[in-house]
Amino acid sequence: MNSIYTKHSIRCSRQIINALWIIAIITFLIEASVGLLTTLPKRDYVIQYVLLPISFFIIILLFLELAFHLYTQNYFTWLRIDACIGISSLLLCIDITLVHRIVAGIHFILVIPIIISTLYARKKLVFLLYIMTNISYLLIILIFNTLEKSIFVRNITHEIIYINFLATMCFYFTVLILSNIIIDRMGEFINITKESAKNEYALTERIRKDSFTNLLNHASFCSDLNYETEHGTSPLSIAILDIDNFKKINDTYGHSKGDIVLLELVSIINFNSNMITKAYRYGGEEFALIIYGDEKVAYDISERIRIEFNGLQLKEIPYARFSLSIGICNFNNKHIKNSLELFEYADSALYRAKQSGKNKVFIYGNINNTHIHQ
């Protein structure tokens, strides 16, 4: 129920059903007003032109309301609301045509279901309703001889009947062709829109992500953190991670080996991240986490990353040992007013972790105490 097509179907179907209700009301008002002027017996007119047609309208519309409810609630996955609306609208048009069959050209409203089905961009449904429209028209002609009873045409010959019949069939066929052309153009427009959206998304991803690690980048971190703090997201914590002595790793083993270490840390971060964690490459050997949890949750995640990275062994540099220093700060601290202060306090916790011997996790608020998380 989350596809673009389904959302379009729900919105479109609701609008069409509302329009049919409006048509029913307008039809009732017109028939009631004509009833005040007609010379026909009032009782016969009310039954034939008001009660029976409107009752049929209401029954069809109540059926559509039920079908729409079942469709939106996903009670029956096989239910096609577009087919229900198309066939129901055809029945309503037949009802109007039969009631007003003496009006010349009234049978042209039978194309309305074809037009309605075009909105769903389904050629098979359009063709089905085209066939049903033609059959309905033929039955009306054969049973009620509509053309000969027209109040606008006198002395109708068989040639005129035949010409009118062919003209009507050509009109229906023209509507079918135009509907298919419209559906094709709609498909092309949708494909262009999807491709444009895909390209825009890819461009946005390239802008927001670090090309080397594929993590979100520094700008994304600043933007996201600012958004979360401005909207008062709670609970909210951040962790700043820095590889200890990374310059020494690069100087001793080369930058290519340093890149391997960075990617290994990224893998560890991704493995230990979850639905409440967003990871970023802040810059160089520094990384950041936005964690939708309190400082205890942030500490547990950070400590797992630190321990796993501390135990990392690489075959490319078998004798090297690695460690992380991490600073954490929770936004719910009453002294913190914005994202800048939140980051500065987390950074100060990281600084204390470095100063106290590295390979530690510090939480802001405990940095003046003797208790150290390690």
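**Rings and strands**

Reply: One aromatic cluster is formed by Phe108, Tyr137, Phe165, Phe171 and Tyr172. Keep in mind that this is a predicted model.

Me: How many aromatic pairs does the structure hold?
Reply: Rings count as a pair if their centres lie within 6.5 Å. On that basis the total is 13 aromatic pairs.

Me: How are the rings of tyrosine 45 and tyrosine 49 arranged: stacked or edge-to-face?
Reply: Their centres are 5.0 Å apart, with 25° between the planes. Planes under 30 degrees apart count as stacked. So tyrosine 45, at a relative accessible area of 6%, is a buried member of the pair. The arrangement of tyrosine 45 and tyrosine 49 is stacked.

Me: Which parts does the pair of tyrosine 282 and phenylalanine 343 tie together?
Reply: This pair is stacked, at 5.0 Å centre to centre and 20° between the planes. Phenylalanine 343 is buried, with a relative accessible area of 15%. The two residues are 61 apart in sequence, so the pair joins strand E2 and helix H11.

Me: Which residue in E4 is the bridge partner of isoleucine 238?
Reply: E1 and strand E4 pair in the antiparallel sense over 7 bridges. Within E4, the partner of isoleucine 238 is cysteine 329.

Me: Are the two faces of E1 buried or exposed?
Reply: In a regular strand the side chains alternate between the two faces of the sheet. On one side of E1 lie Ser237, Ala239, Leu241 and Ile243. On the other lie Ile238, Ile240 and Asp242. Both faces are buried.

Key: Residues are numbered from 1 along each chain as its sequence is written. This is a predicted model: local features need pLDDT of at least 70, side-chain atom pairs count only at pLDDT 80 or more; totals for chains, interfaces and linings use all residues. Side-chain values use heavy atoms; hydrogens and water are left out. Buried means under 20% relative accessible area, exposed over 50%, partly exposed in between (1.4 Å probe, protein chains only). Helices (H or I, at least four residues) and strands (E, at least two) are DSSP runs, numbered from the N terminus. Two strands pair if DSSP finds at least two bridges between them. Rings of Phe, Tyr and Trp (its six-membered ring) pair if their centres lie within 6.5 Å; planes under 30 degrees apart count as stacked, over 60 as edge-to-face and the rest as tilted.
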